[in-house]
Amino acid sequence: MDALDALITVGASLINAVLFALLVRRVLGVPVSLVRATLAALLATLIARPMLDVLIGEPAAIDTGTAPSVGLLLYLSLLAVFAVVLAMLLLVIAEMIVPDGTMPGPVELWRGWRSRLSRGRRYTQIVGIVTKHGLSRFLRGRRPAGASSSAERRDLARALRRTLEDGGVTFVKLGQQLSTRRDLLPPEFIDELSLLQDSAQPLTWDQVQATIAQEWGRQPEQVLASIDRDPLGSASIAQVHAATLHDGSAVVLKVQRPGIADQVDRDLDIVKRLAGTLTARTEWAGRLGLRSLADGFADALREELDFTVEQSSTALVAAELADTRGIRVARTYPDLSTPRVFVMERLHGVPLGSAEPLLASLGAHRRGELADTLLDVVMGQVLRTGVFHVDLHPGNVLVDDDGTLGLLDLGSVGRLGEATREGLARLFGAIGTGSSRAAADALLDVVDRPDDVDERALEQDVAEVILRFGSGGPGAGAAAFTALFSLVSEHGLGIPPAVAATFRAVATLEGTLLTADPGYDLAERVRTIGRDQLGQATSPARLRETFEKEAVTLLPVLRRLPRRLDRLTDAVEHGRLSFGVRLLADRRDRDLITRLWHQGIMTVLAATAGIMASVLFSVGPGPLVAPGIGLFWVLGTTLLCIAVILALRVLMAVLRRTE
């Protein structure tokens with residue numbers, strides 16, 4: 001029975017604490033979490049009587065055989081009010097130290113600890129891998145010595161490649177993206193990281209078969225006429241197998257690695273945290289914009305894990321390029337494609353990164369044509385259709401014997417609206433004509449523009465970028481886009497994700513173009529395309545198309561305009577024209593004024609009650625209502641409690657104000 005009585009006592013205490021907490025939250029007038037209010041109520045209940053006894057002395061002993069005295073009733077009332085005030089004071093102090101909502105709840109705290117433990121184990125693995133390959137010195141804030149010669153850079157690049165390989169799929173994909181950034185990394189790193197593009201540990205056939213059966217609901221042999229158990233390639237996210245349908249069509253199956261989604265989510269969280277830490281601790285990370293690179297990489301990789309996105313993107317791009325000579329996109333099979341299995345037509349050819357002998361046999365002129373075709377396709381996607389390949393590295397381009405190019409891996413695509421495409425077209429056109437003012441205006445149209453941008457300084461910086469890279473040359477294109485990124489960041493302009501993906505796609509594309517034609521001048525070609533776009537925008541056909549679009553938009557307005565003009569002139573003629581302007585028409589303004597007015601009233605009432613309480617205490621006890629207790633003291637104590645409560649309400653509202 002003792003245990004049961006204790007349990008009942010604890011339960012009753014908790015219920016009382018919760019009810020008390022609800023009362024405190026109501027009196028405080030500001031939303032506070034129930035857990036925080038309950039803890040404050042429990043603490044206030046425990047310390048209210050000892051503190052009150054210290055302030056006013058202990059009450060007379062309670063005689064349970066007689067009716068409670070007036071003094072005892074006043075004491076109990078004062079104790080209850082004091083406990084409420086004390087709980088409110090504790091909540092205000094807690095809000096000042098740790099604002100409500102900044103600490104996770106019990107469930108979130110438990111889940112957070114579990115994720116921290118898992119992340120901590122992964123951190124330990126990564127640090128061990130980095131230390132194993134001798135790269136731990138690059139995690140420090142100061143610039144490490146070494147890597148001054150080509151041989152040292154090659155050794156360092158080899159160590160980085162092995163570190164990324166041991167790190168797993170996410171870091172392999174990160175290395176794949178870095179292998180195309182010739183503007184950021186020396187040639188030794190580019191050569192070494194390029195080895196990551198088509199090399200990964202193959203899955204066993206049992207793993208592949210189990211994944212296909214789980215996605216299709218039946219064994220692959222029941223759907224396919226044949227399937228090659230030896231993979232065509234094993235990448236960091238998926239493995240590709242050749243197969244044949246019952247109608248004889250040659251296809252490939254892209255099968256996702258088991259458990260890769262959970263591993264990627266965990267590693268992406270670590271990558272973003274590491275990027276933030278390195279940006280705060282090192283100069284090179286901030287200079288390269290590592291945090292924004294990590295965010296863009298994470299978004300692209302998560303999208304790449306859903307093969308239905310790749311299937312729909314591939315089908316869309318294939319339809320758009322169906323009539324384009326020299327470019328092929330695989331046909332897709334949506335009925336057989338799932339989030340983890342993607343079925344598409346098998347394209348013949350050699351990956352561009354491994355096609356040097358084939359490219360050499362085609363000749364320099366033909367190599368330049370291939371690069372032009374590839375760039376024209378990408379720029380056409382960016383400026384006209386709005387759906388473009390974001391990660392077109394050499395491993396995602398096939399070259400057939402006749403020079404036909406095949407585009408692969410459309411799992412990561414960018415999407416641009418019409419307004420953004422028009423702004424980018426104006427930007428490239430201004431770059432093509434060398435007009436810094438037009439380029440600055442177009443740049444402001446495609447970025448998130450702050451209110452206090454210095455347009456004159458921006459135009460000057462844009463002019464410097466155009467002049468600096470106006471001479472062109474291999475590698476100048478990516479460097480120009482990198483400089484443009486830095487310029488946007490320096491002026492506090494926000495880059496929308498779609499625009500950032502466009503810049504990154506063009507910068508990434510240069511590595512692929514230089515693989516196709518080592519002497520390719522991306523900067524000069526972009527200027528040419530910009531001038532062509534500007535010429536097309538002013539052609540009679542384009543002007544007519546623009547006029548028709550604007551006419552469709554303006555037609556409803558034009559149809560209503562005569563009637564509105566007639567009403568306006570009639571009102572002027574008869575003297576009925578008036579203008580109505582409402583002050584505080586915006587609800588947010590009214591709410592702000594109302595909130596300030598309420599806080600002002602409560603502040604005045606609190607001050608008035610406090611002054612009146614002080615006056616009553618100074619006048620004297622007044623008529624006695626109980627032995628040793630005067631009426632003025634009771635009224636003064638009541639007014640003092642009201643003043644404290646109102647002051648705490650105002651203080652809490654100030655601390656919890658919404659911007």
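**A helix across a sheet**

Helix 15, residues 364-385, lies across strand 5, strand 9 and strand 10, and runs at about 30° to strand 10. Axes here are lines fitted to C-alpha atoms, for helices over the stretch in contact, with angles from 0 to 180 degrees between N-to-C directions; contact means heavy atoms within 4.5 Å. Helices (H or I, at least four residues) and strands (E, at least two) are DSSP runs, numbered from the N terminus.

This is a predicted model, in which local features need pLDDT of at least 70, side-chain atom pairs count only at pLDDT 80 or more, and totals for chains, interfaces and linings use all residues. Residues are numbered from 1 along each chain as its sequence is written, and side-chain values use heavy atoms, with hydrogens and water left out.

The sheet is open and mixed, with four strands in the order 5-10-9-7; two strands pair if DSSP finds at least two bridges between them. Strand 5 (327-329) and strand 7 (350-351) are at the edges with a single partner strand each, so one side of each has no neighbour in the sheet.

Strand 9 (residues 397-399) and strand 10 (residues 405-407) are antiparallel, paired over three bridges. V397 has L407 of strand 10 as its bridge partner.

What does L407 touch, not counting residues up to four places away in sequence? Its contacts include I327, V329, L374, V377 and V397.
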